[in-house]
Amino acid sequence: MNRIELLAPAGNLSKAKTAILFGADAVYIGGSSFSLRSRASNFSMEQIEELVIFAHEHGSKVHVTVNIIPHPDDLNGIDEYLQALNAAGIDAIITASPAIITRALQMEDRHFEVHVSTQRSILNAASVQFWADRGVDRVVLGRETPPEAIREICAKKIVPTEVFIHGGMCISYSGRCVLSNHMTGRDANRGGCAQSCRWKYDLYDGQGNQISETETPFSMSSRDLQAARWIREFIESGVASLKIEGRMKSDYYLAVVVGAYRRLIDAIESGKPVTEEFLQEIEQELGRAENRPAGPGFYNGLPGKEVQLYRRHDETVTQEYIGYVLEEPQDGWMKVQVKNNFSAGQKVELFGPGIAPYPDEITKIQSLEGEMLEVCPHPMQIVKLRWDKPAKPGSMIRKQRDSQPEN
Ligand code: SF4
C-alpha cells in the first residue's frame with residue numbers, strides 16, 4: 001500500500017501552519033500573482049519563504065497555485081515569478097495554462113514539480129498520458145472522475161495522480177464555467193469567481209409568470225464533497241494525493257477536517273480494521289467543520305438531485321469554536337485565547353495535533369491578573385482555564401453539541 005499524501009488548502013500563514021500541525025503532508029497556497037482565488041488572502045514571497053522553512057522542518061511540502069488562464073498581458077513577469085518560487089524552495093506549482101506549464105518545464109535548475117490543475121478536466125488515462133508526455137510530474141484529476149476510472153488510471157502508472165476528497169463543488173466542470181464572467185464581469189478563470197452558482201434564483205415562464213418553487217424547485221448549487229468512505233479505495237488504487245478544497249476556510253475548519261482525515265488515513269495505512277462505527281465518527285467530525293451539507297459528489301455514480309442544494313445558499317459560520325490553546329497546562333491551569341464567548345460550566349471538547357476530541361467541562365476561569373471570571377465575552381481575550389487533562393499549544397476547544405452551561 002502506498003503512503004498517500006494529505007494535501008490541505010491554506011489562505012494565510014496561520015492556516016498553513018494549523019493544517020501542517022494537524023497532519024497535512026502538504027499545503028497548497030496562492031502567491032500574490034497568477035493564482036485563482038484572488039479574494040483569498042494570498043502569500044507574499046517572504047511569507048512563502050517562511051512557510052517553506054516551517055513545512056520542511058515538519059516534514060511537509062508547499063505547493064503554490066499558479067493557475068490562472070492567462071490573457072497575453074497576464075503573462076508579464078511570469079518567468080521572474082517562477083524563478084522566485086524556485087529560489088524560495090517550494091515543492092510544486094499547480095498550474096492549468098499550457099503557456100505557464102511550458103515555461104516552468106523549460107526552466108533550468110528547476111527544483112519544484114509541475115502539477116496540472118483540475119481546471120484541465122483530466123478524466124481519463126489518455127488525458128493523463130497527454131500531460132505525462134509533456135513532462136509534468138503529477139495531474140490533478142477532475143472532480144467528475146468516478147472511482148472506477150481513478151483505479152484504471154492509477155493502474156497504468158503513467159504519472160502520480162491527485163484527487164479531491166473534500167470541499168466545495170462547482171456546478172460546472174472546473175475551469176469551464178463562465179457564469180461569473182457573464183453575470184458580474186468577474187473572470188472565474190483569472191481568480192475572480194463571484195460564486196454566481198450559489199445565488200438565489202427565481203424561475204419565470206415565457207410569459208413572465210413566476211414559477212412556484214414548490215412545484216419546480218431550482219438550484220445551481222451542489223452539496224460540498226465529503227469522501228471519507230472512499231479513502232480506502234483511493235489508497236488501494238494507488239492515488240498519490242488526497243486534496244481538500246477551500247483556501248478561504250478558517251483555521252478551525254482546517255483543524256477539524258485535516259485532523260479527521262489524518263486519523264482515518266493513519267488507521268487505514270496501519271492495517272487496523274476500520275469499523276463502521278469509526279467511519280461514522282469521522283463523518284460526524286467532518287460535519288462539525290461547518291454547516292453546509294455534504295455528499296459524495298461523483299463518487300457514488302452520476303449525481304442526482306440528492307446532491308443539489310435547494311433554497312439553501314448561505315454557509316452558516318459555526319460559533320462552537322471557543323478557545324485556542326496557547327500553552328500546555330501548568331499547575332492545573334491552561335492559557336487560552338478566546339474565540340467565541342463562553343461561561344463557566346460550559347461543557348466542551350478539546351482536540352489538537354495528534355489528540356482526538358475528548359470531552360471536558362470548563363469549571364473555573366481566571367484572568368491573567370488572577371481574578372476569577374464567570375464569562376468570557378471578548379474574542380481575542382487571553383484567559384486561564386482550570387484544566388487537568390493533556391493538551392498541546394495549537395489545540396482547540398469547542399462547545400459540545402447542543403450544550404449550554406447549567407445556571
Ligand atoms: S460560478 Fe460556481 S460553478 Fe462557476 S466557477 Fe464559480 S463556483 Fe464554479
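This is a predicted model: local features need pLDDT of at least 70, side-chain atom pairs count only at pLDDT 80 or more; totals for chains, interfaces and linings use all residues.

Residues are numbered from 1 along each chain as its sequence is written, and side-chain values use heavy atoms, with hydrogens and water left out.

Cores. I looked up nonpolar cores, meaning sets of buried Ala, Val, Leu, Ile, Met, Phe, Trp, Tyr and Cys residues joined through side-chain atoms within 4.5 Å, where buried is under 20% relative accessible area, exposed is over 50% and partly exposed is in between (1.4 Å probe, protein chains only). The largest core has 91 residues, and Leu-85 and Ile-165 have the most contacts inside it. A second, separate core has 20 residues, among them Val-336 and Leu-385.

Arg-143. I found this residue in the loop between β6 (138–140) and α6 (147–155); helices (H or I, at least four residues) and strands (E, at least two) are DSSP runs, numbered from the N terminus. Is Arg-143 buried or exposed? Arg-143 is buried, because its relative accessible area is 9%. Leaving out residues up to four places away in sequence, I listed its contacts (heavy atoms within 4.5 Å), and Arg-143 touches residues including Phe-164, Glu-245 and Tyr-299.

Leu-302. I placed Leu-302 in the loop between β11 (294–295) and β12 (308–309), and it counts as exposed because its relative accessible area is 73%. Its C-alpha atom is separated by 45 Å from that of Glu-361, 59 residues apart along the chain.
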